[in-house]
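Please look at the sequence and the structure below before reading on.

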Amino acid sequence: MNDTTWTTERPWRGIMVATTLPFRDDLSVDHDAYAEHVAWLIANGCDGVVPNGSLGEYQTLTADERARVVRTAVEAAGDGARVMPGVAAYGSAESRRWAEQAAEAGCGSVLLLPPNAYRADEPSVLAHYADVAQVGIPVVAYNNPIDTKVDLVPDLLAKLHTAGSIVAVKEFSGDVRRAYEIAELAPDLDLLIGADDVLLELALAGAVGWIAGYPNALPASCAELYRAAVAGDLATARPLYRSLHSLLRWDSKIEFVQCIKLSMDIAGRRGGPTRPPRLALTGATEAAVRTATEKAVADGHR
């Protein structure tokens with residue numbers, strides 16, 4: 001079995017799509033449409049889903065909505081191991097409760113940000129991950145220093161892994177050089193691609209999974225790109241990456257939720273609206289995303 005392939009033993013590997021969440025026109029959650037989307041992603045080459053992440057607008061959900069999204073994903077995926085819910089919260093106790101809910105629902109792993117209500121120091125970060133890890137479900141750390149202001153640098157990741165608190169890291173710093181230092185300091189820690197627009201670079205550096213955004217719109221082409229990249233098949237991967245990169249880079253912009261939902265609408269899926277305070281795209285950003293998506297579709301990406 002390829003080390004970059006999803007398995008029930010390591011259900012955080014492969015292509016785990018950070019799913020968008022469909023809202024009706026009145027901004028209520030359309031759980032039926034979400035279930036259809038999860039099943040469609042898996043049918044089109046993706047390995048699993050990550051509900052209740054930033055792309056899923058978890059910050060705007062009620063507790064009941066958030067719990068139901070997880071249950072919906074598990075049922076639609078057909079195997080709870082294919083579901084990695086985000087369990088971020090302002091306090092460790094709440095993150096732990098969400099991890100317990102994920103475990104009860106039968107999920108295979110969870111994705112956890114560091115404390116993000118303030119700029120946490122190293123002891124706080126270590127304690128936070130240790131607390132959630134006690135639930136017993138595998139924890140994937142999410143390093144997003146741009147938004148959280150807490151940077152899970154390679155040395156800190158090695159400490160978290162040595163302590164048994166994490167099994168992998170979603171690396172979203174954008175600094176692809178870190179892949180090599182992580183491998184040196186924590187060789188058994190799984191590196192997961194965290195930003196779509198550094199996919200090829202991190203795949204060549206040894207990543208064994210991708211927590212992905214743009215497969216929400218174009219899963220088959222993104223799956224082909226990932227599998228070629230992690231196999232080192234540059235003859236296939238480089239032209240695909242070049243063709244898709246004008247879209248993939250929107251995953252790293254502050255408007256990434258609206259961008260990916262707009263691309264979904266253009267590609268024939270339902271992206272739909274976002275909940276406030278996110279507003280619909282306008283002006284040059286909307287035009288750029290629309291142009292890039294229309295070109296990708298015209299080029300045969302799906």
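Which residues point one way from β4 and which the other way? V139, A141 and N143 point to one side of the strand, V140 and Y142 point to the other, and all are buried. This is a predicted model, in which local features need pLDDT of at least 70 and side-chain atom pairs count only at pLDDT 80 or more, while totals for chains, interfaces and linings use all residues. Residues are numbered from 1 along each chain as its sequence is written, and side-chain values use heavy atoms, with hydrogens and water left out.

Because 5 of the 5 residues of β4 are buried, the strand is largely enclosed by the rest of the structure. Here buried means under 20% relative accessible area, exposed means over 50%, and partly exposed lies in between, with a 1.4 Å probe and protein chains only. Strands (E, at least two residues) and helices (H or I, at least four) are DSSP runs, numbered from the N terminus. Two strands pair if DSSP finds at least two bridges between them. Strand β3 (residues 110-112) pairs with β4 in the parallel sense over 3 bridges, and V110 stands opposite V139 in β4. On β5, which runs parallel to β4 and is joined to it by 4 bridges, V169 stands opposite A141. Together, β3, helix α4 (residues 122-133) and β4 make a right-handed β-α-β unit; right-handed means that, with the strands pointing away from the viewer, the path from the first strand over the helix to the second runs clockwise.

**Aromatic pairs**

A pair of aromatic rings is described by the distance of the centres and the angle of the planes. Rings of Phe, Tyr and Trp (its six-membered ring) pair if their centres lie within 6.5 Å, and planes under 30 degrees apart count as stacked, over 60 as edge-to-face and the rest as tilted. A search of the whole structure finds 2 aromatic pairs, which are set out here.

| Pair | Centre to centre | Angle of planes | Kind |
|---|---|---|---|
| Y142 and F172 | 6.4 Å | 85° | edge-to-face |
| W210 and Y226 | 6.3 Å | 25° | stacked |

The pair of Y142 and F172 links distant parts of the chain, since Y142 belongs to strand β4 (residues 139-143) and F172 to the loop between β5 (168-171) and α7 (178-185), 30 residues apart. Y142 counts as buried at 8% relative accessibility, and F172 counts as buried at 10%. The other pair also links distant parts of the chain, with W210 in strand β7 (residues 209-212) and Y226 in helix α9 (residues 219-230), 16 residues apart. W210 is buried with a relative accessible area of 0%, and Y226 is buried with 1%.

**Around strand β7**

From β7, G209 and I211 point one way and W210 and A212 the other way, and all are buried. Strand β1 (residues 14-18) pairs with β7 in the parallel sense over 4 bridges, and V17 stands opposite A212. Strand β6 (residues 190-193) also pairs with β7 in the parallel sense, over 2 bridges, and I193 stands opposite W210. Between β6 and β7 the chain passes through helix α8 (residues 199-204), and this β-α-β crossover is right-handed.
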